[in-house]
Each structure stands twice: as structure tokens, then as C-alpha cells.
Amino acid sequence: MSARLLSVPAVAAALDVDWRTVYRFIAAGELPVVDLRTGTGRSRVRVPVGGLEEFIASRSVVSPRNRR
């Protein structure tokens, strides 16, 4: 199993949005995450590349000119 994981800042850069927007997508259940919790501290989440690709595909729209 070789799932590549992206940090929240990397996902934000890929989508050209603020990191807070990425957390909103995660909270809404639109982006899957892997929680790399270490001890009782804050959790560290990563987004699987496949999940990001699915998110982008689900938000892609067809240009009105090409909808014939």
C-alpha cells in the first residue's frame, strides 16, 4: 500500500485557497483525512492524494459551450 498523503498547506496550495478553507472542506466531509495523532497533543491530519483528486473531479464543471 503506497498512499501518498498531503499536508493541509500542500492541499491549500494545490487548490489555490487558504488553509482555513481546506479545514472547512474537511469539517464538511468533502475531503477525506488520515489522522496521524501522536499522544494527547493536537492531531495531525493528512489528505490522501486520491481523495484530493476525487474532490477536484466532483467539483469540475463542463463549460456551457461544450454541453451540446
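**Close-ups of aromatic pairs and a surface patch**

Phe-25 and Phe-55 are both buried. They open this set of views, all taken from a predicted model.

**View A. Two aromatic pairs turn up when the whole structure is searched.** One of them is Trp-19 with Tyr-23, an edge-to-face pair. The ring centres sit 5.8 Å apart, with 90 degrees between the planes. Trp-19 and Tyr-23 are four residues apart in helix H2 (residues 19–27), so about one helical turn separates them. How accessible are these two side chains? Trp-19 is partly exposed, at a relative accessible area of 46%, and Tyr-23 is partly exposed too, at 37%.

**View B. Phe-25 and Phe-55 make a tilted pair.** Here the ring centres are 4.8 Å apart and the planes meet at 50 degrees, which is why the pair counts as tilted. Which parts of the chain does the pair link? As for cover, Phe-25 is buried, and so is Phe-55.

**View C. Leu-5, Val-34 and Leu-36 form a nonpolar patch on the surface.** Together, the three residues have about 190 Å² of accessible area. Zoom in on Leu-5 and you'll find it in strand S1, which covers residues 5–6. Is Leu-5 buried or partly exposed? Leu-5 is partly exposed, with a relative accessible area of 34%. Patch members need over 30% relative accessible area, so Leu-5 clears that cut-off at 34%.

Note on methods: Residues numbered from 1 in each chain as written. Predicted model: local features only at pLDDT ≥ 70, side-chain atom pairs only at ≥ 80, totals over all residues. Heavy atoms only, no water. Patch = residues over 30% accessible without salt bridge, like charges linked within 9 Å, V, L, I, M, F, W, Y side chains within 5 Å. Areas by Shrake-Rupley, 256 points an atom, 1.4 Å probe, with all protein chains shown as cover. Salt bridge = Lys/Arg side-chain N within 4 Å of Asp/Glu carboxyl O. Helix = DSSP H or I, 4+ residues; strand = E, 2+ residues; numbered from the N terminus. Buried < 20%, exposed > 50% of the residue type's maximum accessible area, 1.4 Å probe, protein only. Phe/Tyr/Trp six-rings, centres within 6.5 Å; stacked < 30°, edge-to-face > 60°.
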